[in-house]
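Reader: Hi! Could you walk me through this one with me? I'd like to start with a helix and then hop around a bit.

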Amino acid sequence: MAQLWKGRFKKELAKETNDFNSSIKFDSRMFEEDIKGSIAHATMLGATGIIEKSESDKIVDGLNGILDDIKSGKLEIDMSAEDIHTFVEGELTARLGQTGKRLHTARSRNDQVALDIRMYVKEEIKNIRMVLKKEIDEISEKLKSLIEVLCNKAEENKTVIMPGYTHLQRAQPITFGHHLMAYASMLLRDIDRLADIKRRMNVLPLGSGAPGTTYPLDRNMVAELLGFDSVSSNSLDGVSDRDFCIELASALSLIMVHLSRFSEEIIMWCSWEFKFVELDDAFSTGSSIMPQKKNPDIAELVRGKSGRVFGDLTAL
């Protein structure tokens, strides 16, 4: 598949170069975000008169057809394409001819990449709010559910006395309810942090170009079509900003720190040395040779899985 930047080149790209340079193995997962961003861009191009409205309508119909075909399995993404943007525009041009090429008017792959990542991460962030929303909203909802459970348990145990600890040494007495509410407080901060990241991330970079364009774009129209709160104020920063990726990874890491910390306490509390709580059989495992054991494997796995999230943050 021809590269979008091939204009001045006379020689074919070496397969080894294309394989090394290609990102489609990673960005193909963002096909829906890329196509929706292109639909909004084409709609704006037609509305502002930058291209003919009839061409804009054809491009939008063509893009919707490509999206439907990928979702249904009728169209497979060509993994030899350089990236998802090249694949979508190549497929559109194959279907519409020269009209398909008009989609790339007044934009570059730089702001396409910046847009796709923001749309994808924004959708992912939704998932953090519901149970652990496709990713800030889903996780947030799960955190809320966990906070509700902690609050209910804290209410049930507001008069249950337990020893407080420092350095794993018994200190002053506290209530079990008060101890549980410490984790509710941590998780409430996590939800606030996710909402704050989502606000900063919800800025439209599309229209920044490579960077800048002389076309009379209506970026606010595109922002409204795609659900962004505002548009980026500087084209250089608009196409290069990835702060929100690190912010999200950091927030997720803090969530895992809090869950790991709580899990460690559960592990200790249900041991014979503490014997403060007993886990429900539905959330425990046993031993194949020591039948008396009831193992807190779920809590241990939460602690183990936290390392993956920390590693992702470090990698970024």
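Reader: Which residues are buried in H13?

Author: Ala 299, Ser 306 and Val 309 are buried in H13. Buried means under 20% relative accessible area, exposed over 50%, and partly exposed in between, with a 1.4 Å probe and protein chains only. Helices (H or I, at least four residues) and strands (E, at least two) are DSSP runs, numbered from the N terminus. Keep in mind that this is a predicted model: local features need pLDDT of at least 70, side-chain atom pairs count only at pLDDT 80 or more, and totals for chains, interfaces and linings use all residues. Residues are numbered from 1 along each chain as its sequence is written, and side-chain values use heavy atoms, with hydrogens and water left out.

Reader: Thanks! What do the buried residues of H13 pack against?

Author: They pack against helix H12 (243-269), where contact means heavy atoms within 4.5 Å.

Reader: And which residues are exposed on the other side of H13?

Author: There you find Gly 304, Arg 308, Asp 312, Thr 314 and Ala 315 exposed.

Reader: Switching to strands: how do E1 and E2 pair?

Author: Strand E1 (residues 161-166) pairs with E2 in the antiparallel sense, over five bridges; two strands pair if DSSP finds at least two bridges between them. The two form a hairpin with two residues between them, and His 167 in the turn has a positive phi of about 55°. Pro 163 stands opposite Pro 173 in E2.

Reader: How many residues of E2 are buried?

Author: Zero of the seven in E2 (residues 169-175), so to speak a strand that is hardly covered.

Reader: Now charges. How many salt bridges are there in the whole structure?

Author: A search finds 20, a salt bridge being a side-chain nitrogen of Lys or Arg within 4 Å of a carboxyl oxygen of Asp or Glu. One of them joins Asp 83 and Arg 109, with the closest N and O atoms 2.5 Å apart. Asp 83 lies in the loop between helix H4 (53-72) and helix H5 (84-96) and Arg 109 in helix H7 (residues 109-125), so the pair ties together parts that are 26 residues apart in sequence.

Reader: Is Asp 83 buried or exposed?

Author: Asp 83 is buried, with a relative accessible area of 5%.
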